[in-house]
Structure formats: C-alpha cells, structure tokens
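Trainee: I would like to learn how to read a model of two protein chains. Please take me through it feature by feature.

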Amino acid sequence: MFGKYDLSMNVKTEEFEIEVTGRGKRRIYRRKTKEEEVEKIIYADDGNIVVCPVEPVNMPKIGVAEHLMVELKKPVIFEPDMKNTFYVKFPLEVGIFTVDRKDVERIDIFTTVKGKYALYGPPESGIICRWWRSDVYPEEPEVNPLKEGILRVDVENKYYEWVEIQKVVFRAFDMKLFYNQHAYMHGVITLLNKTTGETSFNTRKPKNMHGSIDIYAAKGIKKFDKKYYMEWGFK
Amino acid sequence: MNVFATIKDTLNYEVAGIKIIEMIEFAVILFIAVIIARIARTITRRRLKEKVSPTTLSSIEKIVYYGIIIIGFFIALPKGVSLSGLLVAGGVAGIVIGFASQTVVSNLISGLFLMVERPVEIGDSIAVGDISGVVKDIRVLSTTIRTWDGIYVRIPNEKVFNSSIYNYVAHGARRFEYRIGISYSDDANKAIELIKGILAQHPLVLKYPEPDVFVEELGESSVNIVVKIWAPSSHWYSVKTEMLWKIKVLLEENGIKIPFPQRVIWMAGGEKKEGRGKGK
C-alpha cells in the first residue's frame, strides 16, 4: 500500500482507493473513502507519486492541532530511575505526494478513523491536540494497517519518586515516521518529575523500513528544540 | 561649451552650504534605497510567509523596509551636512511637532506599547469598543480591522490602547453554551445522554475539557437543559452554528418535545383550561 508509484497508479484497499489516470502531461488524481471523494488535476511530464503515512495531527481538519495526545486506557506507573518500553497505537493518516528531483508537493491527506481533539493544559495557555486513546502493549501489537500505526515509547523516569502516566503528548515537528506494511514511530519520554517531562523521537531508521515524507519538514518548518516539554502533567 | 559650463555652475551652486549636485545625488540614492527596500520587503514576505506568524512577518517586513531606507538615507547624506547638527535640528523639530500634534504622538506611543505588549496579533478575531472583526495590520499610528461584514476600519492606536480589548482567539479553546427546554413529560436523563452522544461524535467538540450537559432549572413551560461545549477558538463559531440544530433534530427523532411556552389556567368554577402563550 505505501510506497513510490509511477504517474499512472492504482491502490485499492477495503477502506480507500487511490488512483492516478490519464496520459501525457494531464493526469487525474482520485481518492475515495467511505465518507468522501477527492479529485484533482495534475500537470506533469515525469515524476512519481508517493503514498506514505504522515504525522497524525492533520485530520479531521488541517491546521487545528500540531500535537498528538495519546491517552492510555490503563495508567502506567514507573519507579524511580526505571527505563522501560511499551507500545501504543496511533491513528493512521495517509499522505499522497508528487515528487520529482527538485521538489515534493503534498496533494492529499486523509484518514479512515474518526478524529477528536482535546485541550492539553489550561484554556488560557493550553494547546489543542489530536486526541487518541490506546491500550498499552508490552510488545509490538497487531494493527489494522489501514487505520492504525505502532508507536514504540521508551520511558525513563529521572525523578526520585514513582510517576504515573495516563497520557503522553508529542509534537508533530519532532515526529519521524517509518513504514513497511504498517506505519511506525519511535517516541521517547523522559519523566522529569511527577507533572513534567520531555517527549521526542528517535529518528534512526529501523531495519527493513522506509522513511516517510515529513510534512512539517516539507513545509520548511524547523524547530531548534527537538523536544516537547510536557508541563501540564500526565493525567 | 557655454551650456556645459552653465550646467556645471548650476550643479555646483550651493544652497545653505550644500551643492545642488549633492542634493540630486541624495534624492537619487534615497529613491534607489526605497526601491531596494520594496524589493527586499517583497522577497522577505514571499520567503517567510509560511514559516512565521503574520504578526512576526509584519514586524520583520517593517524592520527590513525602514532599515534599508535609513541606511540609504545616511549613505545619501551630503558630505557638508553635519550629522550632529541634523540630530539637534531633528530633536528640536521633534519637540515642536510633538507639541503641535499631541494626538499623533499619543497614537505613536500607544502603537509602540501595543507592539510590545501584544494583546492582539494580525489575524486575531477581536472586539475593541463597538467594533469587532479580524485584525489586518498593526501600524505605528493605527490598527486596521476588517469587520465581520467586510468593512475596513482604521482605529487610532490610542483608542485601541485605552479600550477594553476582547481577543476571541488568544486562548486555544473557548466555551459556548445552549439552553434547551424539553417537555415535563419527557425523560431528561435520556435527553442528556442523547446530547452527550452527538457531542462525542463531533470532532471539533473537545474531548477535554469535556462537554457539560445538565438540567439547569425547572422552567415555567419546560425542563431547561444547559449544554456547555469547549471547542478550538479558531473553529468555535462553526461548531456553535452547527450543533444546536443537530441537537434539536436528534431530540425530536427520539420523541423528545421542545415545548412552546404554555400556562395552565384553573377557572374559579373548577373547570380546567389549557392554552398556549404567556397571556391570560
């Protein structure tokens, strides 16, 4: 499903269908899901279409959120100086790009899962996040690759007391997605005390996986600070 | 030959100690500086448009534009002109102009404070006094607003600074509420569950803070349920306009009536009559 295609392509799954048809310079891009249908005209001599997972903060409305909040169905408690790893699922968003040697252009983003937003922090200074609830898994869970991705979370408790977490917030600017049969991210959380911590991403490419096109990097947006500071707690 | 000599003499003619040729040089260099400043401003805007906020972009544009003009001014300044003398003259002129135009100075100072304090930014939805709309620009002397019905309004910065400013999008989320009356014969708990269910389906109704739905009062004609919803500040209005009708349709589909105002009248003879309206 994910990968690089020629300018004439067709991907059909149970949840959606993507196709680029036509000949010569003028092509028609079509994408169908159960809820909507999108059609665009592409003028191109050569180039490719890339279908890959993107930062899961763009849907259902682009521009509302730049952070992902994963609420854990069961709270996780870490003893002082504990380092451990768990896995959660995240909502899949698929990006379709036109690429050539000079440039990358996003032509579509969609998801097949229902979206919801939540406020992290107080109304006067909090941030709107894409909200998602997930079970916590000790090992990589089975996912529906058309709807979910796997987020590995490495946690280190640097505080001298026990810390309980019920939710984690990640910033889209820091995200690095990979894919093979499913989407994958590798997050890192450092617990600084009971209510604050830092979240970031391990950007090293796992074996047998491909790197996605990062929308925020494609937009030319860069952040000097590669960590998000969770200052409003984990509950 | 005489023509050239005349032109040369004219160009070398001094007015207030400055040659005319130097004045022309000054004007040309300043003109070129303005053109370069405009080009630089356009390039800055195009390069940074998607990378920084509109307010920051506007500030950077102004710094680039006026910075180049000021540099051009000092490069163009004729050699005979004393900089310290110019500053003294400018200072004196400033005082005179300041006294003569206190309102302008007041607007200028207010504008500077607005730029430092930043209670509003370009693109914010605000209300100042009885004017509300979207901030289009914050200039040194005035703030321009496009009202909701598309009218350009220029508000002097002094007025903005001295007024209560309502910034509707300064915070990430904001709350709005509905009051919905249902019939006394209907189940309020069922209505509350239905409303909570439809709110849970809408992506822009925030999960946290959770919507609050409860019976607020037992009214004259209805049981009044209040619905308090948090939504992203950037989209609250679309959610507000969308949800009320959806709730009304949902309640009616489930047999819950939204009653008209009504009053039961007991006649002196014991005969009971029911009527609509708040009249007799």
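Trainee: What should I know before I start?

Mentor: This is a predicted model, so local features need pLDDT of at least 70, side-chain atom pairs count only at pLDDT 80 or more, and totals for chains, interfaces and linings use all residues. Residues are numbered from 1 along each chain as its sequence is written, chains are lettered from A and ligands numbered from 1 in the order in which they are written, and side-chain values use heavy atoms, with hydrogens and water left out.

Trainee: How many helices and strands does chain B have?

Mentor: Start with the term. Helices (H or I, at least four residues) and strands (E, at least two) are DSSP runs, numbered from the N terminus. Chain B has 8 helices and 12 strands.

Trainee: What share of the residues in chain B is buried?

Mentor: Buried means under 20% relative accessible area, exposed means over 50%, and partly exposed lies in between (1.4 Å probe, protein chains only). Of the 280 residues in chain B, 31% are buried. Now look at contacts, meaning heavy atoms within 4.5 Å. Among the contacts in chain B with a separation of 6 or more, 59% join residues 24 or more positions apart.

Trainee: Which elements do the buried residues of α3(B) pack against?

Mentor: They pack against α2 (20-48) and β4 (131-138) of chain B. The buried residues of α3(B) include B:L57, B:E61, B:Y65 and B:I69.

Trainee: How is the size of an interface given?

Mentor: It is often given as the accessible area lost when the parts come together. Here buried area is the accessible area (1.4 Å probe) that two parts lose on being put together, summed over both. Between chain B and chain A it is about 1500 Å², and carbon and sulfur atoms give 63% of that. In chain B, the residues that lose the most area to chain A are B:P203, B:K207 and B:Y208, together 35% of what that side buries.

Trainee: How many residues does each chain bring to the contact?

Mentor: Chain B brings 19 residues and chain A brings 19 residues.

Trainee: How many polar contacts and salt bridges cross the interface?

Mentor: A polar contact is a pair of N or O atoms within 3.5 Å; within protein, one must be able to donate a hydrogen and the other to accept it, and residues adjacent in sequence count only if both atoms are side-chain atoms. There are 9 residue pairs in polar contact between chain B and chain A, both residues at pLDDT 80 or more. A salt bridge is a side-chain nitrogen of Lys or Arg within 4 Å of a carboxyl oxygen of Asp or Glu. Across this interface the rule finds 0 salt bridges.

Trainee: Where should I look for salt bridges, then?

Mentor: Over all chains, the structure has 25 salt bridges. One of them pairs A:K194 with A:E161 at 3.8 Å, N to O. These two are 33 residues apart and link distant parts of the chain. A:K194 is partly exposed at 42% relative accessible area, and A:E161 is partly exposed at 30%.

Trainee: Are A:D174 and A:R171 buried or exposed?

Mentor: A:D174 is buried at 8%, and A:R171 is buried at 10%. Their side chains meet in a salt bridge at 3.0 Å, N to O. In chain B, B:R139 and B:D137 form a salt bridge at 3.2 Å. B:R139 is partly exposed at 36%, while B:D137 is buried at 17%. Salt bridges also link B:R175, B:E177, B:R179, B:E216 and B:K228 in a network.

Trainee: What should I check in the backbone?

Mentor: Most residues other than glycine have a negative phi, and most peptide bonds are trans. Now the exceptions here. A cis bond joins A:M59 and A:P60, with omega about 5°. A:P60 lies in the loop between β6 (48-53) and β7 (67-78) of chain A. The bond from B:Y208 to B:P209 is also cis, with omega near -5°.

Trainee: Where is A:D81?

Mentor: A:D81 sits in the loop between β7 and β8 (83-91) of chain A. A:D81 is not a glycine, yet its phi is positive, about 60°. At 64% relative accessibility, A:D81 is exposed. A:N208 also has a positive phi of about 60°, and is exposed at 69%.
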